[in-house]
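This briefing is for a reader new to the structure. Please look over the sequence and the model first, then read the points below.

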Amino acid sequence: MSKRLRFLGAALAVMSLTFAATGCGSDTKEKADKAGVDDSSNVDKAGDSNQGADSSGQAEDDDEAVAVDACSLFSKEEMAAQMGADDVTTESMDAVSPTCYYSSEAHYLKAELAVLDEEQLANTPRDPNAYLGGQADSKVELLDVSGIGDEVFGSKSKGGVTLVAGVGDKGYSLLLTNAGGGADAGNWVDEDAMVASAIEIMKSVVKD
């Protein structure tokens, strides 16, 4: 049960008790006292009932709150080896989906590994060009890749590679970027090198 529902339940209980007390105001003291005892008994019972509901609801909430730590799917050390960098840092976040952010500031490299639910996987565009409005300079090249999970697709463009794999009712999304490539880009000197790295990373993630 959500906090909002528990709050509304408690508020209604208080309103009911207030109404009962007001209705007894014109009766004798004996009736009022008796009503007060009865109300107190009801409050205790309601409290016990709500406590049980809260415990059950909390247990359900706790089960739903268990989320994947995306950074546990591919370690910082493994990403450092892929990047060819020794200053890789990670940050795990769970906003729209559980995501691990990897970064090498010295080499201007970044990676994002996200866990997708079934709906997010279904809504991920297989061909990003369909969403670019005919802007030729922004078009991306689709990757010819297979053999990872139940489904795998991706694309590359200047300075970036995306790879998505579906396994059962969930998926994984991987984005690799460099800031122009060249000597400062570690192992990710160009898009082809990044594609090869993305495939190796995704194979490891899906296998685990």
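**Strand E3 and its sheet**

Strand E3 is mostly covered, with six of its eight residues buried. The model is a predicted one. In it, E3 belongs to an open sheet of seven strands, ordered E1-E2-E3-E7-E6-E5-E4 with antiparallel pairing. The edge strands of this sheet are E1 (89-94) and E4 (141-142), each of which pairs on one side only.

**Pairing of E3 with E2**

- Strand E2 (residues 98-104) and strand E3 (residues 109-116) run antiparallel and are joined by six bridges.
- Thr99 has Ala114 in E3 as its bridge partner.
- Ser103 is bridged to Lys110 in E3.
- E2 and E3 make up a hairpin, with four residues between the two strands.
- Tyr108, in the turn of that hairpin, has a positive phi of about 60 degrees.

**Pairing of E3 with E7**

- Eight bridges link E3 to strand E7 (residues 170-178), and the pairing is antiparallel.
- Ala114 has Ser173 as its bridge partner in E7, while Thr99 is bridged to Ala114 as well.

**Ala193 in helix H5**

- Ala193 lies in helix H5, which covers residues 191-207.
- Ala193 has a relative accessible area of 22%, so this residue counts as partly exposed.
- Leaving aside residues up to four places away in sequence, Ala193 touches Asn187 and Trp188.
- Val161 is 32 residues from Ala193 in sequence, and their C-alpha atoms are 9.8 Å apart in space.

Conventions
Residues are numbered from 1 along each chain as its sequence is written. This is a predicted model: local features need pLDDT of at least 70, side-chain atom pairs count only at pLDDT 80 or more; totals for chains, interfaces and linings use all residues. Side-chain values use heavy atoms; hydrogens and water are left out. Buried means under 20% relative accessible area, exposed over 50%, partly exposed in between (1.4 Å probe, protein chains only). Contact means heavy atoms within 4.5 Å. Two strands pair if DSSP finds at least two bridges between them.
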